[in-house]
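Hi,

Here is the structure I promised to send over.

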Amino acid sequence: MMKVQVLVSQWCPVCPQAEKVWKEASEKVPMELEVLDVAEREGREIVSNLRIKTVPAIVVDGALKTVGAQPLGDVLKMLGAS
């Protein structure tokens with residue numbers, strides 16, 4: 001099963017929208033979904049390892065897939081579930 005990590009921060013205005021869309025997608029596509037705050041240790045490690053510069057950032061199976069908030073249809077397409 002794919003592992004999806006949504007990296008967010010408290011000060012990010014679009015992060016709640018991205019989080020909501022990915023939670024919705026996780027109800028339609030089997031995945032292990034984690035929402036991580038970049039201010040916390042695990043989030044900081046991923047940001048550092050993948051050299052992520054912006055949030056929300058979407059990491060799928062350890063690789064940066066996209067940044068920003070996408071509409072649900074685009075997220076499902078990205079996951080191959082169109």
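Is Thr66 buried or exposed? The relative accessible area of Thr66 is 19%, and the cut-off for buried is under 20%, so Thr66 counts as buried. Do keep in mind that this is a predicted model.

Some more on that residue: Thr66 sits in strand E4, which covers residues 63–67. Apart from neighbours within four places in sequence, Thr66 is in contact with Pro56, Ala57, Ile58 and Met78. The Thr66 side chain also makes a polar contact of 3.1 Å with the side chain of Gln70.

One of those contact partners, Pro56, is worth a look too. The peptide bond between Val55 and Pro56 is cis, with omega at about 0 degrees. Pro56 belongs to the loop that runs between helix H2 (41–50) and strand E3 (57–60).

Arg51 is in the loop between H2 and E3 as well. Arg51 isn't a glycine, yet its phi is positive, near 55 degrees. Asp61, in the loop between E3 and E4, also has a positive phi, near 50 degrees. Both side chains aside, the residues are exposed: the relative accessible area is 67% for Arg51 and 53% for Asp61. For background, most residues other than glycine have a negative phi, and most peptide bonds are trans.

Now the cysteines. Searching the whole structure turns up one disulfide. Cys12 and Cys15 form it, with their sulfur atoms 2.3 Å apart. The torsion about their S-S bond is about 95 degrees, so the disulfide is right-handed. Both Cys12 and Cys15 are buried. As for Thr66, its C-alpha atom is 16 Å from that of Cys12.

Cheers

Technical notes: Residues are numbered from 1 along each chain as its sequence is written. This is a predicted model: local features need pLDDT of at least 70, side-chain atom pairs count only at pLDDT 80 or more; totals for chains, interfaces and linings use all residues. Side-chain values use heavy atoms; hydrogens and water are left out. A disulfide is a pair of cysteine sulfur atoms within 2.5 Å. Buried means under 20% relative accessible area, exposed over 50%, partly exposed in between (1.4 Å probe, protein chains only). Helices (H or I, at least four residues) and strands (E, at least two) are DSSP runs, numbered from the N terminus. Contact means heavy atoms within 4.5 Å. A polar contact is a pair of N or O atoms within 3.5 Å; within protein, one must be able to donate a hydrogen and the other to accept it, and residues adjacent in sequence count only if both atoms are side-chain atoms.
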